[in-house]
Amino acid sequence: MEVALEDTNPVENVLPPDEQEIDVELEAKEKKYLRGEGANLESLKDKKLKTQLASREKLYGKSAKAAAKIEKWLLPASAGYLETDGLEKTWRIKQTDINKEVDLTSVRNQYDIVLPDFGPYKLDFTASGRHMLAGGRKGHLALVDMMNMNLIKEIHVRETVRDVAFLHNDQFFAAAQKKYSYIYGRDGTELHCLKERGAVARLRFLKNHFLLASVNKIGQLHYQDVTYGDMVASIRTGKGRTDVMEVNPYNGVVALGHSGGTVTMWKPTSQAPLVQMQCHPGPVSSVAFHPNGHLMATSGKERKVKIWDLRKFEEVQTIHGFHAKTLSFSQKGLLAAGTGSFVQVLGDSSGGNYSRYMSHSMVKGYQVEKVMFRPYEDVLGIGHSMGWSSVLIPGSGEPNFDSWVANPFETTKQRREKEVHLLLDKLPPETIMLDPSKIGAMRPSRRRDKPTRGEIEAEKEVAVEAAKGVELKKKTKGRNKPSKRTKKKKDLVENAKKTFPELEQGNIAGKKRRIGEDAAAELPTSLKRFARKN
């Protein structure tokens, strides 16, 4: 005897545990990219509007899923950050403590190069963070491969070097020397001598526009196109000498800090500053921009560091009791400030205000000249009076790099192709503006200038003559009488005059004014003081 047993439980498609975890993780990431809860479409009676909103909500959901998948599979690394337990503070953790916990590759980024005969040093990194350029005040220039820690080229120019800057890649760099600025190749060959700028104090390169910006000792701001060598703009700032200069990476606007406490922002197509902000009561010692371009940090001699919101040009936060000679923002928004032999790193962990995150004390006697974060690495480069140093700052660098934007591992062929693409995508100087989102938008229509009274009268005379010259149709049965034709022509003339109400209002106002003056003249002397004055 056979008994057939029926399975009452339906078979469910159960995913493996690994795929279930992936789905849960993707759902959590998807919520981060969704634009809040979806709209309630059940109460809508308009079917067309309901369909449009439903398709839009569906599009938002698809974009959120795509962004979650990109973050999951294409951005696998997450930024690190110092975390403490209990009452322990992150700024009490020293570099020696970090050295014991990190891997060997990160340990190599902690070093101190001592060159007391050529300092103080200025530093600059390429966009990929692969190469570093160090310039000593007494004429020492060094190009270093930071990945292999190899010295590529070292030259001595035997004169003062005030600043150094990479151009679009590691093949060219500029140095502001005692009398002129020079451009050198990777092998140390002098390529160009820029004599039109004079004695330059600061150099900055605008990579999207291929412009080398500089400010000299007398406060002149120069823009030079490095693709064909012409001087794009030469601007007299009128604020005297300045040693504070920085470029906003978001829009390419150059900011200068002056001795009067003002910060001015410039573009090459205007001889007047775009913005002039009174940031400090005394001289401005340093300026830095957040990578998103919306925040600016300034420091003054009065021992204050201020954070500004450039969307509203308002002060967001003031940090007291710290004078910063140099400032630098990291890719993840950390702010480094250096003065004397002390470096302090501020973090925006709470999402509102910057607070103390890490601190580092140099050897007694070292004077910090320049601090700068290395891109795509948790490393802070410090140029000082005795050489340059490198310290680890967890959470400062972007963990995932885009090989189309900045590739630390690019080959010679990739570098050449990228250089061609950069030249093809080069932006003209006219695109430098405070709000670059306006590029490609429609220009608002300008209001027509109000015509003069003479122009209105001339237009009125033309309209009246045109009305008088209108030929009336010939009608029958007593409708073509001369009186009726005269009345119709008179109505046409009156209608033409009504299209110019400005003259009629002016005539009425003038008539009322004359009547008022006549009435005031007829008043007795004792009542004239009560007359209305026009």
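Predicted model: local features only at pLDDT ≥ 70, side-chain atom pairs only at ≥ 80, totals over all residues.
Strand 6, which spans residues 161-166, pairs with strand 7, at residues 172-177, and the two run antiparallel. Five bridges join these strands, and five residues lie between them in the hairpin. Within the pairing, Val-164 of the stretch 161-166 stands opposite Ala-175 in strand 7. Burial is a marked feature of strand 6: six of its six residues are buried, so the strand is largely enclosed by the rest of the structure.

Ile-70 belongs to helix 2, which covers residues 47-73. The relative accessibility of Ile-70 is 43%, so this residue counts as partly exposed, a class that lies between the 20% limit for buried and the 50% limit for exposed residues.

A patch of another kind, positive in charge, is formed by six lysines listed here by position: Lys-473, Lys-475, Lys-481, Lys-484, Lys-487 and Lys-488. Among them, Lys-475 sits in the loop that links helix 6 (453-468) and helix 7 (482-498). With a relative accessible area of 40%, Lys-475 is also partly exposed.

Terms used
Residues numbered from 1 in each chain as written. Heavy atoms only, no water. Patch = residues over 30% accessible without salt bridge, like charges linked within 9 Å, V, L, I, M, F, W, Y side chains within 5 Å. Areas by Shrake-Rupley, 256 points an atom, 1.4 Å probe, with all protein chains shown as cover. Salt bridge = Lys/Arg side-chain N within 4 Å of Asp/Glu carboxyl O. Lys, Arg positive; Asp, Glu negative; His and termini not counted. Charge placed at Lys NZ, Arg CZ, Asp CG, Glu CD. Helix = DSSP H or I, 4+ residues; strand = E, 2+ residues; numbered from the N terminus. Buried < 20%, exposed > 50% of the residue type's maximum accessible area, 1.4 Å probe, protein only. Pairing = 2+ DSSP bridges.
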